[in-house]
Amino acid sequence: MNVRSMLKGGAAAAVLALSLGSSPAFADNIVMWVNAALANGPDAPLYEELKAFQAATGHTVEVQAVPPIEMEQKLFVALSGGAGPDVMTLDIAWVAGLADAGLLADITEKADPVASEYQPGPYSSGRFEQKQYALPLYTNNVALLVNDKMLADAGIKKAPATWQEFHDAAVAMTNKEKQTYGASFGGNRMGAFQLYSFIWQNGGDIIDAEGKSHIADPASIEAVDFLAKLYSESKAMPDSVLTAGNWDEVHAPFVQERAGMVVTGDWALAAVAKANPNLKFSVHPLPAGKEAATVIGGFDLSIKANTSVPEASFELVRWLSGERSIALMRKYNRLSALKKAATPEAIAALPPNMQPFMQQAAAGRARPVVAAWTQMHTDVFANVWDSVIRGKPAKDAMTEADAAIKNLLEK
């Protein structure tokens with residue numbers, strides 16, 4: 001493996017040209033941009049996987065590692081100018097915007113025959129306006145982390161499995177004198193992300209497959225009201241809910257053993273354990289309302305619209321997202337989006353704290369795949385959450401949000 005380094009756009013990016021000897025005729029070179037966490041050193045599992053890909057196909061792959069915070073903007077700039085990678089990893093929330101701008105290849109014809117191999121939620125995250133633009137590389141969702149000691153001290157024998165049990169446990173672990181609380185939540189965009197699961201669990205919806213807003217439906221309003229009142233009335237969330245703007249701040253009260261529960265994803269496990277190695281906590285599927293649901297995240301693989309190597313690029317996308325992804329993602333402590341990764345045998349092979357996330361994979365739902373989703377999340381839902389935890393009636397906030405969402409959908 002030949003390793004070169006280059007500085008691009010002010011950020012160091014590792015570019016690896018994978019060379020295993022002579023290549024067969026018609027072999028192509030594929031330029032790939034990846035989430036930097038997947039390529040954080042020459043021994044990253046991705047590189048070994050790409051060696052195997054080249055050995056099997058003869059194609060070469062040049063990898064540029066890009067920090068996720070920079071990826072979306074860099075892709076828009078590069079792809080709009082006709083440059084950029086042939087294959088790229090995308091946060092599932094970015095697919096619609098890039099597809100709407102005409103920057104991603106339509107892979108529907110190639111993807112449809114293999115669609116049944118993937119979990120429905122992750123697969124749907126790559127579909128925009130009835131066309132497939134991405135296949136899922138890995139998936140995640142949100143579950144419930146519980147401080148086992150705080151729960152037991154509150155006289156509760158098992159982790160909550162329903163909304164009522166979640167409410168009761170949160171109230172029971174709240175003690176004004178000890179300054180302990182039942183649950184930690186985020187503010188603004190973080191809180192908005194946490195509340196989506198509860199909207200679906202209550203039988204509500206955000207934007208349906210036909211592009212119709214359901215924000216002002218009674219079920220959606222009721223879900224937001226339920227969560228907001230845990231702070232505004234029950235005082236079962238710390239005041240940090242007003243300002244927690246990143247996952248570290250969301251997790252902080254839980255890590256400090258001041259909050260007994262937190263709704264978060266598998267990305268939290270290592271951070272929580274590192275911040276407080278003595279914390280005894282367990283992971284459980286998200287407490288269910290009228291139905292089970294959990295918002296999914298993760299990264300997809302897409303292809304540049306005008307790539308000169310479309311066939312080789314799709315070969316790479318399938319190689320990384322297909323059956324080999326189960327073993328590859330385990331090396332990263334992440335979850336493959338294949339249905340085979342959610343069998344009882346595959347789940348049993350995961351670390352114990354990862355198992356609950358995959359156990360609820362069938363209930364995973366992608367956020368609406370609409371072009372303006374990033375703006376909707378940042379400018380609309382973030383404001384809804386901020387306003388209701390500060391006392392605005394959920395019905396008023398959601399009615400205003402519904403009008404804003406409809407306006408964005410019409411643009």
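A charge sits over a ring if NZ of Lys or CZ of Arg is within 6 Å of the ring centre and within 35 degrees of the ring normal. With that in mind, turn to K235 in this predicted model: K235 lies over the face of Y231, at 5.9 Å from the ring centre.

A search of the whole structure finds 15 aromatic pairs. One of them joins W163 and F198 in a tilted arrangement, with 5.8 Å centre to centre and 45° between the planes. If you trace the two residues back to their elements, W163 belongs to helix 7 (residues 163–172) and F198 to helix 8 (residues 188–201), so this pair ties together parts that are 35 residues apart in sequence. Both W163 and F198 are buried.

Next, have a look at F254 and F281, whose rings form an edge-to-face pair at 6.0 Å centre to centre, with 80° between the planes. Here a helix meets a strand: F254 lies in helix 10 (residues 247–255) and F281 in strand 11 (residues 281–284), so the pair ties together parts that are 27 residues apart in sequence.

Definitions and conventions. Residues are numbered from 1 along each chain as its sequence is written. This is a predicted model: local features need pLDDT of at least 70, side-chain atom pairs count only at pLDDT 80 or more; totals for chains, interfaces and linings use all residues. Side-chain values use heavy atoms; hydrogens and water are left out. Rings of Phe, Tyr and Trp (its six-membered ring) pair if their centres lie within 6.5 Å; planes under 30 degrees apart count as stacked, over 60 as edge-to-face and the rest as tilted. Helices (H or I, at least four residues) and strands (E, at least two) are DSSP runs, numbered from the N terminus. Buried means under 20% relative accessible area, exposed over 50%, partly exposed in between (1.4 Å probe, protein chains only).
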